[in-house]
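Please read the notes below with the model open beside you.

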Amino acid sequence: MGIALIWSVIAILVRWIFSKRRGAISYDSSDQTALYIRMLGACVIFKQLFSRDVRVRSQVGFEPERRGSHPYLGVDFRTLHSHAELVGSIPARRIRRLFSFQRHLLTSRLLRGTPHLSPLHFLDEDYCGQAKCMLEKVGSWNFDIFLFDRLTNGNSLISLTLYLLTHYGLIELFQLDMVKVRRFLVLVQEDYHNHNPYHNSVHAADVTQAMHCYLKEPKLAKSLTSCDVLLGLLAAATHDLDHPGVNQPFLVKTNHYLAALYRNTSVLENHHWRSAVGLLRETELFSHLPTEDSLNMERQLGSLILATDISRQNEYLSKFRTHLDQEDLCLGNTSHRHFVLQMALKCADICNPCRPWELSKQWSEKVTEEFFHQGDIEKKHKLEVSPLCDSETNSIADVQIGFMTYVVEPLFAEWARFSDTRLSQTMLGHLCLNKASWNAMQPEEAEGEQAAATEEPSSRALPQGSQEC
């Protein structure tokens, strides 16, 4: 009787943990076994229940240590970039949840043709109306994803991707179940860590919007198939799924289980892809398609997401440049079309420096904040600080100028050769202006740092009441 009761409690706990979705799913290399990352949460609870000697360090952002692993392996990435001040904003979060739930009820009632009775619908309709107006201009390169995310109550990825799937007629064409589509997108957005300053669902929405802009370019619009467009949008929406907020070198040097699983090769990109596959299978989004077709979609999705590995940038760029030099890109060829789609996703992923300054500057600050936070963790645990992650030796301007010069400019110069359009010239123009703006800020940053370093010694050197000449 006692054992049966224990197993009943365990079953209830597992169902509760799954309902909370404590992480994403990642399939191993043989696609036979699912590694439920969210089960890590269950392990913690079970150990607390059935073991008297458990060292749980959840308050400082760590999970219990695992035998044979690096002590930093257990970093809980869900709280890695959270701040203490967030605790005081619980009422605000509850208000946002209230509006989100009320908005969900409003949408459901509208779909059923049932009038809404709550007086809050006036506020909701106002925000929904503004978001709808923005979606009508979703093809604009000046699209403000931060404003759109606020208008959609933090649901920019769901709203934008669902709109684009409908805009291209993909839901009807592929006979996708709308309930499954919405559930898939909700789970995708939930599996982004919104405590990450940069790698969060807003970044995914921004990349998806950029991908839409590229899909409209004349060369692509007249050549890509509906399947290509569907894959491009899904890859953009899921390309950083369940991103932990740290880079691959950090995972490798801390012996993280994902690094071991993917043998230190494209660790994050493999995890993003397998997590996306997990959600596709969990929601059965393509279950109505022939098995071979759905498996082929998963493989092509993986090929697109793996192309975003920044460590393989030169490999893809050299191949792209060779095709352009030899003028042998044939978009009637399936493999060539897929390669161009890979390059489009690579551009969309790092297009922030090519946005207008007001948007580009915000993204620059967010990505640098994430870098520096990783560097602080590495210093705290006496690890070698990763390049660009040391806030004491790098500034936002330094990081951005180097990134623009060595990564962004070469890629977008080749993209402009391939697609010499107004959009390409606009992106290069913004890139040039933004780089000049960061260059202009460098002397100010250097002077600010120098003044901070010399202010205290100089004040001690001067007698009280004296003045400097």
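1. Basis. This is a predicted model, in which local features need pLDDT of at least 70 and side-chain atom pairs count only at pLDDT 80 or more, while totals for chains, interfaces and linings use all residues. Residues are numbered from 1 along each chain as its sequence is written, and side-chain values use heavy atoms, with hydrogens and water left out.

2. Confidence. pLDDT is the predictor's confidence in each residue, from 0 to 100. The protein averages 80, and 67% of the residues score at least 70. Residues 21-74 stay under 50, and the model has 108 contacts beyond four places in sequence for them; a contact means heavy atoms within 4.5 Å. Residues 84-90 are also below 50, with two contacts beyond near neighbours in sequence. Where pLDDT is low, the predicted coordinates should not be read in detail.

3. Overall make-up. The protein has 20 helices and two strands. These are DSSP runs numbered from the N terminus (helices: H or I, at least four residues; strands: E, at least two). Of its 469 residues, 47% count as buried. Buried means under 20% relative accessible area, exposed over 50% and partly exposed in between, with a 1.4 Å probe and protein chains only. Among contacts between residues at least 6 apart in sequence, 71% join residues at least 24 apart.

4. Second largest pocket. The space in this pocket is about 970 Å³. A pocket is an open set of points on a 1 Å grid over the protein atoms alone, where a 1.4 Å probe fits, with protein on both sides within 12 Å along at least five of seven lines; lining residues have an atom within 4 Å of a point. Grid points are joined across faces, edges and corners, and the volume is the space filled by probe spheres set on the points.

5. Pocket lining. Of the 39 lining residues, His-199, Asn-247, Ile-310, Phe-371 and Phe-403 lie nearest the centre of the second largest pocket. Helices H12 (248-253), H14 (267-283), H18 (357-380) and H19 (396-418) each give two or more residues to the lining. The largest share, seven residues, comes from H19. By class, the lining has 18 nonpolar, 15 polar and six charged residues. Here Ala, Val, Leu, Ile, Met, Phe, Trp, Tyr, Cys and Pro count as nonpolar, Asp, Glu, Lys and Arg as charged, and the others, Gly among them, as polar.

6. The expected span of a helix is 1.5 Å times one less than its number of residues. H11 (residues 226-238) reaches 18 Å between its first and last C-alpha, close to the 18 Å expected; 11 of its 13 residues are buried, including Asp-228. The 16 residues of H17 (334-349) should span 22 Å, and its end C-alpha atoms are 23 Å apart, which agrees. In H17, 14 of the 16 residues are buried, so this helix is largely enclosed by the rest of the structure.

7. Val-367. This residue lies in H18 and is buried, at 12% relative accessible area. Val-367 touches Tyr-198 and Gln-400, leaving aside residues up to four places away in sequence. Its C-alpha is 7.9 Å from that of His-199, 168 residues apart in sequence.

8. Leu-423. What does Leu-423 touch, not counting residues up to four places away in sequence? Its partners are Trp-141, Cys-213, Tyr-214 and Glu-217. Leu-423 sits in H20 (residues 422-461) and is buried, at 14%.
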